[in-house]
Amino acid sequence: MTATTATTATTATTATTATTATTATTATTLARPGRVPSPAPMPEIDLDRLFKRLHLANTRRVWRDLLVRAEHEDWAYEYFLTVLVTEEIAHRQQTRLARLSRRAAFPFLKTIDDFDFTYQSTLRLSLLGSALSPDFVTEGRALIFGGKPGRGKTHLAVAIAYRAIQNGFTARFATAAELIDDLSAAFRAGRLTDALSTYTHPDVLVVDEVGYLTYGTDAANMLFHVVNDRHRRKRAMIFTTNKPVSAWGHVLHDEDLALAIVDRVLERGRLLTLDGPSHRTKHLGLDDAMAQTPPPQVARISGIRAPEFPEPTLAMHERGFRSGNAYIDGQTKRVYQGIALAAAAGEPNGEEDERRAEEMPF
């Protein structure tokens with residue numbers, strides 16, 4: 001029994017000593033200067049699957065090309081990761097802008113840099129500085145662009161709404177006719193509340209062409225629902241119109257509601273008027289030609305002037321009775337003078353005068 005125990009102890013001691021010696025030898029080898037340990041083989045990794053799981057769509061497309069470029073140009077690991085992440089962020093930003101622009105339903109995409117302020121006598125880019133900042137949206141401000149057609153009102157409205165999207169907000173564009181018709185149909189169908197959310201939820205709402213078309217009798221009611229809700233929530237609004245705001249009551253068929261709409265819009269908003277020539281037809285010079293056109297004259301057919309001696313008419317006869325003027329020669333002249341004198345003297349004409357007047361030749 002004692003011999004067996006001793007043998008076991010000796011065996012364990014020998015194994016421990018051998019293990020310790022092996023470990024020490026390995027450590028000495030690794031710590032020896034000038035020697036770099038060879039890395040362990042990496043397992044096969046499907047990067048495409050990992051990028052897909054992380055929803056890095058653009059990274060899945062570009063990482064191979066960037067890896068080849070990094071190896072060729074000897075990029076550092078940190079620089080390679082920086083380029084990879086930057087490409088992903090830029091792609092997501094562009095995708096977001098495109099998606100929100102489509103959702104905003106812009107008729108076209110214009111920026112403030114595309115607008116030509118040269119022909120504007122009062123409007124300058126500096127006046128729009130606050131409208132292009134995030135504060136325009138967060139503070140629930142509003143703008144009304146007025147002026148004749150073709151002056152760039154819709155261009156500026158779209159540019160400001162697009163800048164809001166670039167600043168991280170949402171926008172919605174609709175003409176006044178589309179908005180009113182949509183809400184009127186929803187009201188008749190009993191789903192006005194659901195339809196209103198389309199125009200009250202976006203951070204910026206553009207209502208274009210107020211006053212261009214004829215609206216239904218409930219136009220002011222429908223538009224007031226939108227403006228009042230957005231005013232209470234402090235959400236930004238932009239209107240374009242070719243009518244003065246004082247005429248909105250006639251346009252919307254309700255003076256009181258139109259006044260309430262304008263009052264809410266301008267409480268935190270401004271009215272800006274665009275002048276100058278039309279951007280659509282300025283190359284034709286029509287505005288200058290119209291400004292120099294003399295006032296219209298009375299039209300004549302085939303250049304024939306009014307006759308010097310017009311034929312007698314019923315209106316002329318009545319004027320003759322009232323004024324006592326004598327015209328037309330012969331018997332007619334004497335009869336008319338007699339009737340006029342009798343009327344001036346207050347004497348009744350009698351049946352004889354009426355008969356003679358009926359028998360007058362013309």
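Accessible areas here come from the Shrake-Rupley method with a 1.4 Å probe. On that basis the chain of this predicted model has an accessible surface of about 23800 Å², and 56% of that surface belongs to carbon and sulfur atoms. The chain has 362 residues, of which 32% count as buried. Its secondary structure comprises 15 helices and 5 strands. Of the contacts between residues at least 6 apart in sequence, 75% join residues at least 24 apart.

In soluble globular proteins, nonpolar side chains tend to be buried together.

| Core | Residues in core | Members, including |
|---|---|---|
| Largest nonpolar core | 34 residues | Leu183, Phe239, Leu252 |
| Second, separate core | 33 residues | Phe106, Phe136, Val137, Val158 |

In the largest core, Leu183, Phe239 and Leu252 touch the most other members. The elements giving two or more residues to this core are β1 (142–146), α7, α8, β3, α9, β4 (236–241), α10 (248–252) and α11 (255–267). Helix α9 supplies the largest share, 7 residues.

Which residues of α8 are buried? In this helix, residues 192–200, they are Leu192, Ala195, Leu196, Tyr199 and Thr200. Seen down the axis of α8, the buried residues fall within an arc of 135°, so they line one face of the helix. They pack against β2 (171–175), α7 (176–188), β3 (204–210) and α9 (219–233). Beyond its neighbours within four places in sequence, Leu183 contacts Leu192, Ala195, Leu196 and Tyr199, as well as Met222 and Val226.

Definitions and conventions
Residues numbered from 1 in each chain as written. Predicted model: local features only at pLDDT ≥ 70, side-chain atom pairs only at ≥ 80, totals over all residues. Heavy atoms only, no water. Buried < 20%, exposed > 50% of the residue type's maximum accessible area, 1.4 Å probe, protein only. Helix = DSSP H or I, 4+ residues; strand = E, 2+ residues; numbered from the N terminus. Arc of directions from axis to C-beta. Contact = heavy atoms within 4.5 Å. Core = buried A, V, L, I, M, F, W, Y, C linked by side-chain atoms within 4.5 Å.
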